Amino acid sequence: MARMMDGNEAAARVAYRTSEVIAIYPITPASPMGELSDQWASTGRTNLWGDVPRLIEMQSEGGAAGALHGALQGGSLATTFTSSQGLLLMLPNLFKLAGELTSMVLHIAARSLATHALSIFGDHSDAMAVRSTGCAMLFSSTVQEVHDQALLALAAGLEGRLPVLHVFDGFRTSHEIAPVELLSDDDLQALLPSELILAHRQRALSPEHPVVRGTAQNPDVFFQAREAANPYYERFPDLMQALMDRLGERTGRSYRLFEYRGHPEPDRVVMAMGSACETLFETADALVHAGEKVGAIKVRLFRPFSSAHLEHCLPHSCRALAVLDRTREPGACGEPLFQDVACALMHRRSLQICGGRYGLSSKELTPAMARAVFDNLSAEHPRARFTVGISDDVSGLSLDYDPSFTLEEPDSVRAVFWGLGSDGTVGANKSSIKIIGEQPGICAQGYFVYDSKKAGARTVSHLRFGKRPMARPYLIERATFVGIHQFDFLERYPVLERAEPGATVLLNSPYTADQVWEHLPVEIQRELLEKKLRLFVVDATGVARTAGLGGRINTVMQTCFFALSGLDGMEGIKKHIEEKYPARREQNLAAVAMALEHTAQVTLAGRVAEGEALEPLVPEEAPAFVREVTAVLMAEQGDRLPVSALPADGTFPVGTARWERRNLAREVPVWDNELCIQCGKCVLVCPHAAIRAKLVPPWLLADAPDGFLSQKSMFREHPDQLYTLQVAVEDCTGCTLCVDVCPARDKSHVARKALGMAEQRPLRQKGREHWEFFLKLPQEPPSKASQVKEIQLLEPAFEFSSACVGCGETPYVKLLTQLFGERAIVANATGCSSIYGGNLPTTPWSKLSSGRGPAWSNSLFEDNAEFALGLRLAADAQAARARRLVEKLGLQGDLRAALQGRDDPESRDLMALLDSLNPRSIWAVGGDGWAYDIGCSGLDHLFASGAKVNVLVLDTEVYSNTGGQASKATPLAAVAKFAAAGRSMPKKDLGMLAILTGRVYVAQVAMGANDTQTVRAFREAEAFPGPSLIIAYSHCIAHGIDMGKGLRQQKLAVETGHWLLYRFDPRTGLELDSKEPTRPLREYLESEGRFQILRQTHPESAARLAEEAQQQVKERYQRYRALVASRSE
Amino acid sequence: MTLEHPLIPSASPLTSSLDGLKRLEDAGAPAVVLASLFEEQVDLQHELAESIRHQGAEAYAEAVSYFPPLREYRVQADEYLELVEGARRRLGIPVIASLNGCTSGGWVGYASRLERAGAHALELNLYHLAADPERSGAEVEQRYLEIVQGVRQQIHIPLAVKLGPQLSSPVHFVRQLEKAGASAVVIWNRFYQCNLDLEQLEVVPHLELSRSYEMLSALTWTAVMFARVGLDLAVTGGAHTVEDVLKALMAGASAVQMASELLLHGPERLSQLVLELGHWMREREYLSVEQLKGSMSQQRVAEPAVYLRANYLRTLQYGGERWRG
């Protein structure tokens, strides 16, 4: 029976069983392969030979490749998994591995390389960047192929002695859930003969038969030695085909190096690699059925490229061939596959070969687009170079296509679900796929589109169910069912766009079937009527609450889906509940029982679309770019933007987040101006800069909108002014950190504070007016801003980011901009902070009202310290030149004025350099994955350089952005991915390492424990004449905590000694700002899921590690105390 | 259940590990009451696993989850069953498991699992603060009885019920418990009260070890119940000295449970108390604990009324004089 799984699991299931050593490092979208392997190893699962593979998480992909090289040279079967930049970091080793004819497989979930922008989505630009390494390259196009070819790759690698890069499309295949017929251990054994494994071992480095490998060669022989490997490449394709045949005999699934499907005598053929081949096949089938003479070729083995096999595969009748590449090689005469094919077939004089690009960064290739490619070949003069899937109004390269051409199977169920991140929608859909897809005679496919936002993200699930196998690697175009799990989505997203006429729509609605119509936006009403949709409503939120499930509506919606779509899944749901929700079993079963009773169809007959049109997504006063580009992205219509709409070099305007009113929070803080003591703590801790304060002269509030609150200033130097605190109710995420930190309580009712939460919707309109009025009020910066109370009056230049609700990192970033935003340049390592800081559609880095503001850039993950150092060098070099020119030209006073009217080259040069005379505050910002692991050597070098660069490490103690993998900052006893059995090594003491250089200002801070110390550390770090390092405790969703209590966790971390607060200035020594731990570490460990869960999975090691951790807390405190003592001596 | 002597270590951190239990046995404990498995633990741990599974999951493409999948995890209840099994294997004395809860939820099902794991007896700790204004005392007590009946139906081993002091008619209620299938009652449960943090203006949990004077209420009610109810009585909460133990026995207790004193001075204190008990009895020529038991219960003292209002009046009278100076 086929099992439902995604491509990553399909690869890992073979890779794990056939490896002895696995070196891993997280990178999207390949991380799950390593995570699964780690999880299996932690539960003692064995490989084909009865051993648990040795797993090691490395500090970077470069490190993983090195470890892999070593393990292979040591005679083990070893593997790794990676993607994108990770693959690039492995590049040097790949040349070595191939040069040494090393048998191994590297599994690649192919993803875009960062160029003008980073993208986590899929294309072949990473794989194509390593095509010259000499590794074999095998492409899989479906989840089943991933599973099968993971084995073929290793078998061929062992027999043919080449390292094999096994490539499949990131997300589209790595994350698609599809049926897989699993290979048995016998299948694996059959293709991996022991003599080949022995031969691999015998080639290992060993003192018993010593050899030298990796010599340095000279002009006399290097060339010849390089050519000596030719026979291995020549025989590889035949050998691979023979293995494919053997696998086919065992499993019935036959594969060819080049696989043709279509008319026996085609005149037109399109070829590609990866998942798109399925669309080409399907489209070719449809066109052949319609009488056209077309076909398609799937390329599986790309390297070594076998011209002979291609020649054999491509029917001679073909007169026009289009070769599609999912990558872009700017400046080349064509993309890689095209070039190879053109070269291989150049003897076919009558064959016209065109090259096209498609699908960059997971852009869809739909049957309509595929058809456009076939149609292009029919033209008298086909476009020789083209793109498909976009509208290119700059170079005119794109093919037009007719989006109405679709090939969905008519009798299938095609369901699209709109959910809110973490609301259970995706989880329920994954279970639906398993429930239905593992029934005999039913085929299923699931694919999930996630948001680029971390807070309030929406998800769209695409589920297909049918009687025939469905390899459709594109989103559902004509849905028979649309589930809308959040009523608010009706206003924000084109939720009915994919519904086909007559489709069923299920809406989670607080309104009954009789009431709901008037609450629907007119656009939705119109679409419902025009498409004659069947609308059902269910108060899933109400049912879930009644059933005792809180806000989790997934069970209710899933039950309704099965009932309305006619799929037989009720028993499956119940079984799933028994297995997955032991604690909420009864509540979930009650929800199943109640769901249908509360579902009702809305009568659409006689309805007319009426009501107010939705407000435009961004107001008219927004800048043109925001209105014309950003707003389109926000409306999820970015696919429609033409090439000309986008900047060619990746440069975007700042401050766009303020135009995106997300209205995420159900509840927002409301200010009680009678209780407030104006301490400014709420403003400091707000992760989204959604609560701000100003001091203004009273006359400015004379025309304040109704209800705009203020109170008498409590600032000694401004006694006559009014203080106002305002909440951006449409931008607030409702995290409650501000309420939690508020110290001002009602003396006779301690639960009442100066900030309390209230329902957002009734406050929305007024709140918007108040906020707009507030933003226009002037604010003189305070004369000094060393206290938290004064900081609140500083304007932030980092606002409304897409970080998680209650994020622990962003308050530090915001503080940086408040203190130094006027003159900051920020180098941001890849990670959470680069994503919430730079992910489209809108970005939080913004300008101050002076027009100045931080300039921000993300170079890479590994090079951030060096990148910042480069920025420092440039700033210094330009300032030095400017000063020299000022001196040379003999200028004084207002330089800009003095330069007016001067037209000599040096004056012009100086004019351009004038800004560089303003001081620059250079910051390297990033997470612990960067600072502790992958970027550590760069950081070390930055410290050694003595350059004045400030480093802010947002330490969440885990790789947060990629989903919680352990870093060297992960503490002892914490459970993380890659540390499923609890981290057994103590957290690296990065601060101490920096202190020991004796040249770096170092501070460790935790805003929730001591905000004054945090502000002081930032000030001191920036003022220090050399490098500085601030390590900031950042509570995180990956800690398994209530994020609304994150600041308490920070306090507890300090009180228990888990986190020390200190400041070290090389000139004056160490100041320990933490008291000796007053509470046992146990209290902290027991308050976070990441530690608690170890007790449940590995109770013995949990107890041991907790004890060890307590001991280390004591020792570390003593170590730092000793350092303080040595200073006073 | 026949025991070597009546001093039983009650549920406490000392009885939560095999090592602690072994130390108690070595110190001469005649039986041990294991630290309680709480109803909330059973539920909360499943919920922790679920929240770990769901928090932030399936929202953002790079991080569709934040923790390794928890396909196989153990809840504390599993550990507890292992503790019972381990205690049963390692100890030569009776092992009394302890369940603490106050609803009729799924946790009750653990009773039979504890019996299967080898517990010689079960202590059911009905820890409940009756704060619901809509629910009468009678309703609360009715629910207790239902829980006891539910547990009794599942197990065949002796069942002791540990009660709190807030009952309108304790003797009557204990008789009801007897009918519901309880074999013994343990009085009184100590309610861990909250405290107020004047700095943070927050309510904080508060735990203090017992003192001898806290035993007096249990002493009174043991004396009143003795021979009026058919089940065994045990006193808990406040027994620190041999005098405390003697008083409890003389009031009518068959056993005296002890935790604070052992936490303060270590398990070895138990052997000392047993020696002192023996010494006291020998000195005064008592032949057995049986002889002591109930010797000063209400029915066996010269003035039974002293246990009731008569003593109250006396206290007012003499106490008043004492503080008048």
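Helices α6 (residues 143–160) and α10 (residues 230–251) of chain A pack at an angle of about 135° with their axes 9 Å apart, and α6(A) and α10(A) are therefore oblique to each other. Helices are DSSP runs of H or I with at least four residues, numbered from the N terminus; axes are lines fitted to C-alpha atoms over the stretch in contact, and angles run from 0 to 180 degrees between N-to-C directions. Angles under 35 degrees count as roughly parallel, over 145 as roughly antiparallel, 65 to 115 as roughly perpendicular and the rest as oblique. The model is predicted, so that local features need pLDDT of at least 70 and side-chain atom pairs count only at pLDDT 80 or more, whereas totals for chains, interfaces and linings use all residues. Residues are numbered from 1 along each chain as its sequence is written, while chains are lettered from A and ligands numbered from 1 in the order in which they are written.

The crossing of α6(A) with α10(A) is right-handed, the near helix being turned clockwise from the far one by less than a right angle. On α6(A), the contact (C-beta atoms, placed from the backbone, within 7 Å) is made by D148(A), L152(A), A155(A), A156(A), E159(A) and G160(A), and the residues contributed by α10(A) include F236(A), L239(A) and L243(A). By class, this contact has ten nonpolar, one polar and three charged residues, where Ala, Val, Leu, Ile, Met, Phe, Trp, Tyr, Cys and Pro count as nonpolar, Asp, Glu, Lys and Arg as charged, and the others, Gly among them, as polar.

A second pair in chain A, α20 (residues 570–580) and α21 (residues 585–595), packs at about 165° with the axes 9 Å apart, which makes α20(A) roughly antiparallel to α21(A). Their crossing is likewise right-handed. Here I573(A), K574(A), I577(A) and E578(A) of α20(A) meet R585(A), N588(A), L589(A) and V592(A) of α21(A), a contact with four nonpolar, one polar and three charged residues.

Between the chains, the contact takes 37 residues from chain A and 32 residues from chain B. On the side of chain A, the elements giving two or more residues are α2 (31–42), α15 (425–437) and α38 (1089–1097), of which α38(A) gives the most, with five residues. That side divides into 15 nonpolar, 17 polar and five charged residues.

For chain B, the domain assignment, with bounds from an automatic or database source, gives domain 1 (7–294) and domain 2 (301–325), whose C-alpha centres lie 33 Å apart.

Note on methods: Contact = placed C-beta atoms within 7 Å.
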